[in-house]
Amino acid sequence: MSTQNNTYVSKFLPVEIEKFKTVFEGENATFSTPQYMYFQARGKGFTASFYNSGKLVIQGAKTAEIVSKYFEPVQNPLFDTENSMLALKNQTMGDIAPYPHIGIDESGKGDFFGPLVIAGAYLDKQGAETLSKAGVTDSKKLDDKKILELENLIKEVSTFDIIAISPVKYNELYTKFKNLNKLLAWGHSTVLENLLAKKPCNIAISDKFADERVIQSALKERGKSIQLIQQTKAEADTAVAAASILARAEFVKRISSLSKEYGINLPKGASNLVLEQGQKFAEKYGRGELKNVAKLHFKTYSGIV
């Protein structure tokens, strides 16, 4: 990393590209994509060029101000560039994008039994700080007990929306869409549209599960007017983590309810245990009844006779 003669040069991993874009959008930059670059951002007093190699070059009279504001941990710890990864640390800017913003995540897409649940959570800066201090993180890192404990706090602090697609409805939709990513895009866009009706917002963040155009094409009128950031490991963002917990909590409650309704344990995931329980379920209720408790496009279903 170097800064001299109004020029800043450093190297980062391109996987965090959306975070860089958010920074320069905040500086009212205009964007283009010259050859050999992910993007070039031009603003008053600076030009920022992010090359395909991961090299970031900022030039212009405003360079020192931008570097001090966003890239020098000692003066203003917005970023932690350890291991060449750009990671937002300052809650005033948010985890991935400035607050307030919406986080969206889903639960159940890898589970043979149970519904697909998609949730969204709108958080402001204060709400994000409250949830972060309370231990809100990616739901995959938490057990069911902790998830259910955090659910109520998230609902108190955030504006949220949850849609739970029952197995029978899921199977109908999958037959219609013939593609899980298109089904997920429909669910994400529906939650986003519902949330925007409750709370206007300029930014939404979701995990990147497909070609960006899939979810962009599914967005409705309100959704098309906001900046949608899709990136891998989006659960690092507090709003997305909150959404992931809301989705998982709803999934846990609904699969438990299905287990009680049918008097047979319906395990999570798609393991051999799941296959064994699926076979027991079919023997007790008939294979045709599986459509009401399971996702039939899973390979597990073909193993149940």
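Author: First a term: contact means heavy atoms within 4.5 Å. This is a predicted model, where local features need pLDDT of at least 70, side-chain atom pairs count only at pLDDT 80 or more, and totals for chains, interfaces and linings use all residues. Residues are numbered from 1 along each chain as its sequence is written, and side-chain values use heavy atoms, with hydrogens and water left out.

Reader: Good. What does S158 touch, leaving out residues up to four places away in sequence?

Author: A121, Y122 and L123.

Reader: Is S158 buried or exposed?

Author: Buried, because its relative accessibility is 8%. Buried means under 20% relative accessible area, exposed over 50%, partly exposed in between (1.4 Å probe, protein chains only).

Reader: Which backbone oxygen does its side chain reach?

Author: That of I154, at 2.7 Å.

Reader: And where is S158?

Author: In the loop between α4 and β11 (159–165). Helices (H or I, at least four residues) and strands (E, at least two) are DSSP runs, numbered from the N terminus.

Reader: New topic. Which peptide bond is cis?

Author: Y99 to P100, with omega near 5°. P100 sits in the loop between β8 (87–88) and β9 (101–107).

Reader: What about phi at N28?

Author: Positive, about 60°, although N28 is not a glycine. N28 lies in the loop between α1 (17–26) and β3 (30–32). N28 counts as exposed because its relative accessibility is 66%.

Reader: And K178, what is its phi?

Author: Near 60°, a positive value in a residue other than glycine. K178 is in the loop between α5 (167–177) and α6 (180–198). At 65% relative accessibility, K178 counts as exposed.

Notes:
A polar contact is a pair of N or O atoms within 3.5 Å; within protein, one must be able to donate a hydrogen and the other to accept it, and residues adjacent in sequence count only if both atoms are side-chain atoms.
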